Protein chains: 2
Amino acid sequence: MPASERAQRRRSPDPAQLRAWRAYIETAQVVRSTIGSQLLADSGLSNGDYAVLLALSEAPGHRLRSTPLARAIHWERSRLSHHLGRMERRELISREGSATDNRGAEIVLTPSGTTAFRRATVPHLRLVQELFVDALSAEQLAALEDASRALGRHLQERLDGTAGESG
Amino acid sequence: MPASERAQRRRSPDPAQLRAWRAYIETAQVVRSTIGSQLLADSGLSNGDYAVLLALSEAPGHRLRSTPLARAIHWERSRLSHHLGRMERRELISREGSATDNRGAEIVLTPSGTTAFRRATVPHLRLVQELFVDALSAEQLAALEDASRALGRHLQERLDGTAGESG
């Protein structure tokens, strides 16, 4: 192993960086689970259900193939497929085969899925206001968004780089 | 419903606040799942396994009762109980009954749990460095920690307030 690689492999966060990491990842987890529990209590939808309904509601024609849907909500396709089966049985979505295209079925928002999403959205957004927006000054909110976007870009570059290496 | 309550209920994030919210919560989810996938590939431990082992490794005597353990990792007790059963079968932890105390068993880190945790920690921290610390300037890291702590405090105050109202 070259010395530069060895140095790279030794690098790890210092105690202050590790405290920042834990504050970030643990708080995000608590925020997500608190909002998710309330969403389920208010609307009978899980965080995953809501993410799928949100992505479909924003898609042209309220329909997406499974690959772009998985990408939009950042899930593995196998996990998404099982989840969609359960949502289809609850009539929140339907899966429509396409005779002219062998890339597989499209996931379509149903009328009852649209209704469930709309009903869930009002209390959900109120909770986002109360738990998230009200917790932060305008400066903190802007800084949090800036840091989140920097993290997201860095992660995407790394994933693209990894894909390039293995391809 | 009084007018003030109606106004309260109407409050929801404006489009810019909603963009900040989605950048925050979606990025945190991607960071968590990316690090979790790599942890599993490197070490055979899930994010949940690692959180339990971390909490026990930091506890006096490497042991905790289930209530403080659940609080430390921010899980519901029922979810934790199922998870601990699986970790016990893998000999990462053990559950020891206490004859002098009817508050139930203590969860104890086993020697093989200690080994698994130590082996996982080096690659895990390297990835935290690469995906998180390297993505951010010192100012961004400090701002992210500050905003995370403000969010965490606000959430805790709200949970304490809710507990007070229902008690």
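1. The copies of this predicted model meet through the same surface, because 100% of the interface residues of chain A are also interface residues in chain B, where contact means heavy atoms within 4.5 Å. A rotation of 180° with 0.0 Å of shift along its axis places chain A on chain B with an RMSD of 0.0 Å, the superposition being by least squares on the C-alpha atoms of residues with pLDDT of at least 70 in both. The two copies are therefore related as by a two-fold rotation axis.

2. On conventions, residues are numbered from 1 along each chain as its sequence is written, and chains are lettered from A and ligands numbered from 1 in the order in which they are written. Because the model is predicted, local features need pLDDT of at least 70 and side-chain atom pairs count only at pLDDT 80 or more, while totals for chains, interfaces and linings use all residues; side-chain values use heavy atoms, with hydrogens and water left out.

3. In chain B, three strands form an open, antiparallel sheet in the order S1-S3-S2, with strands being DSSP runs (E, at least two residues) and helices likewise (H or I, at least four), numbered from the N terminus. The edge strands are S1 and S2 of chain B, each of which pairs on one side only, and neighbouring strands of the sheet are turned by 25° against each other on average, direction ignored. Helix H3 (residues 47-58) of chain B packs on this sheet and touches S1, S2 and S3 of chain B, its direction making about 90° with that of S3(B).

4. The pairing (at least two DSSP bridges between two strands) can be followed by residue. Strand S1 (residues 63-65) of chain B is joined to S3(B) in the antiparallel sense over three bridges, and B:Arg65 has B:Glu106 as its bridge partner in S3(B). Strand S2 (residues 93-96) of chain B is antiparallel to S3(B) over four bridges; here B:Ser94 is partnered with B:Val108, and B:Ile93 with B:Leu109.

5. Strand S3 (residues 106-109) of chain B is covered on both faces, since B:Glu106 and B:Val108 on one side and B:Ile107 and B:Leu109 on the other are all buried, that is, under 20% relative accessible area, with exposed meaning over 50% and partly exposed in between (1.4 Å probe, protein chains only).

6. In chain A, the axes of helix H3 (residues 47-58) and helix H6 (residues 111-131) come within 10 Å and cross at roughly 110°, where axes are lines fitted to C-alpha atoms, for helices over the stretch in contact, and angles run from 0 to 180 degrees between N-to-C directions. H3(A) is therefore roughly perpendicular to H6(A) (65 to 115 degrees). H3(A) contributes A:Tyr50, A:Leu53, A:Leu54 and A:Ser57 to the contact, and H6(A) contributes A:Gly113, A:Phe117, A:Ala120, A:Thr121 and A:His124.

7. A:His74, in the loop between helix H4 (66-73) and helix H5 (77-89) of chain A, has a phi near 65°, a positive value in a residue other than glycine, and is partly exposed at a relative accessible area of 35%. A:Glu91, in the loop between H5 and strand S2 (93-96) of chain A, also has a positive phi, of about 65°, and is exposed, with a relative accessible area of 53%.

Key:
Parallel < 35°, antiparallel > 145°, perpendicular 65-115°, else oblique.
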